[in-house]
Structures are given as structure tokens and as C-alpha cells.
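The stops below go from the whole chain to single residues.

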Amino acid sequence: MNYNDNLKEYYGKIEKRCISTIENYLDNSLVLEFYEYYKNLDRESIIINMLSEFKENYNRFWINPKFNQSELSLVFLEWGGISNGYGVEAYGCTNDKIGILTTGFYSQYEDFDYDTKFETIPTFTLFPLEKLYLEHEKFGDNDSEYSAVFDLLVNTSYLLARETLLKFNDETQFENFKIKSPFKIAIQEHDTGNSMPLLILEF
């Protein structure tokens, strides 16, 4: 089974749902501005920048024996939340008991064995969130409008993060990184407790 094809389909469905939701608020000029921003994102350039950043951090931190001492089965990626920034850090698990997910969420409150050496590891930046990070206060009390924009840009960021990791794997096969099969990477906003799957590797 090609799990990553299933993930591509999953994120595509979420994107369509997010677009359908945001289209209900396009009479709001701020929502329309962000929707145009979303449509004009240079996805190829964003992936290039994310990949370059990840390669640097991978070589400097991910495969550094100081941090990567144990074989990992799962890496949680976490970003700070729209008020705290959109840089991503990684946390490793040496053992997870939840198997493979291609839809839904991993709950970080499950029974995981976290690797205390591999935590807060720099990864990459979710560049599509930059505008929302800088301008989120403009939404004021318009929670529904803000949520529509937030969901669309977060899902887009995850889509591009997934493409970045796939490209990285195609180029490197995560060489010199201590992992065991099946290896999974998931992502979440800080303190939400639920992580969406990004990449699944079997070897």
C-alpha cells in the first residue's frame, strides 16, 4: 500500500473543504485579501526554501549523535501557534503503539516513549503562515472568518511540508538518521495534542 498517496488524497480533500468554507466569507475584504494571498503562493519556491532549511538543520541537528542516539519510530513536528511563530521543531519517539494513520490524528497523549535527547530540534519554517502571523490581530472578534483563513493556510503549510519531506526522502532516504520501520512524521500546532500524519516510510 502506498500510504503517502493516501495522505496526498487526504490533504487534497481537506484543502477543498477549506476552500469551500472560506468562500462563504469573501464579502469580507480581509478574508478576500488572504484568499488572494493563498491563491498566489509560489508553492515551488516555498518548497525549495523549506527543503534548503531542512537540509541545513538535518545535517546540523537531526543526524548529530548528540541528539540522534536512538532509533526513532515517530517524529512529531510542532510549531508555536499563530501568536508565537511558525518555525517548526521536532520531537522523537522511540516506541509508539498506534500503528499507521493516513487520515485523522495521532494523539500526543497516547502511550509514547519520548526520546529526551531528540526534542526541540530545529526543522523548517511554515512560510505560508507568515502573513497571518503578522496580521492576525486585524480579524479582531471575527472568529469564523479568522478560522476559515487559519484552516486554509495551515493545511496549505502542511501540504507543502509533506511535499518537502517527500522530496528530501527521494534525495537522501534520510541517510544517517537512526530510524526504524515503519517510520512516521506528524505535525501539529503547539499544545493542541493532535498531530496530522505527513510522511510514512517502510523499509
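Helices (H or I, at least four residues) and strands (E, at least two) are DSSP runs, numbered from the N terminus. On that basis the protein has five helices and seven strands, and from the N terminus on the elements run α-α-α-β-β-β-β-β-α-α-β-β. This is a predicted model, in which local features need pLDDT of at least 70 and side-chain atom pairs count only at pLDDT 80 or more, while totals for chains, interfaces and linings use all residues. Residues are numbered from 1 along each chain as its sequence is written, and side-chain values use heavy atoms, with hydrogens and water left out.

**Whole chain**

Start with the C-alpha trace, which spans about 50 × 30 × 30 Å along its principal axes. Buried residues (under 20% relative accessible area; exposed is over 50%, partly exposed in between; 1.4 Å probe, protein chains only) make up 50% of the 203 residues.

**Helix α3**

Select residues 43–62, which form helix α3. Its end C-alpha atoms are only 25 Å apart, whereas a straight helix of 20 residues would span 28 Å at 1.5 Å a residue; the expected span is 1.5 Å times one less than the number of residues. Now show side chains: I46, I47, M50, L51, F54, N57, Y58, F61 and W62 are buried. Looking down the axis of α3, these buried residues fall within an arc of 140 degrees, so they line one face of the helix; the arc is that of the directions from the helix axis to the C-beta atoms. What do they pack against? The partners are β1 (72–81), β2 (85–95), β5 (121–125) and α5 (143–172).

**Aromatic rings**

Rings of Phe, Tyr and Trp (its six-membered ring) pair if their centres lie within 6.5 Å; planes under 30 degrees apart count as stacked, over 60 as edge-to-face and the rest as tilted. The whole structure holds 25 aromatic pairs. Select Y35 and Y38, a stacked pair at 5.9 Å centre to centre with 15 degrees between the planes. Both lie in helix α2 (residues 29–39), three residues apart, about one turn of the helix, and both are buried. Next, F61 and F67 have ring centres 6.1 Å apart and planes at 50 degrees, so this pair is tilted. F61 and F67 are also buried. Then select F54, Y58, W62, F118, F124, F168, F174, F177 and F183, which ring pairs link into a cluster.

For a charge over a ring, go to K131. The criterion is NZ of Lys or CZ of Arg within 6 Å of the ring centre and within 35 degrees of the ring normal. The charged end of K131 sits over the ring of F34, 4.9 Å from its centre, and K131 also lies over the face of Y37, at 6.0 Å from the ring centre.

**Backbone exceptions**

Most residues other than glycine have a negative phi, and most peptide bonds are trans. Select S181 and P182: a cis peptide bond joins them, with omega about -5 degrees. P182 lies in strand β6 (residues 179–189).

T120, with phi near 50 degrees, is in the loop between β4 (113–114) and β5. Its relative accessible area is 40%, making T120 partly exposed. F174, with phi of about 50 degrees, is in the loop between α5 and β6. F174 is buried, at a relative accessible area of 2%.

Key. Contact means heavy atoms within 4.5 Å.
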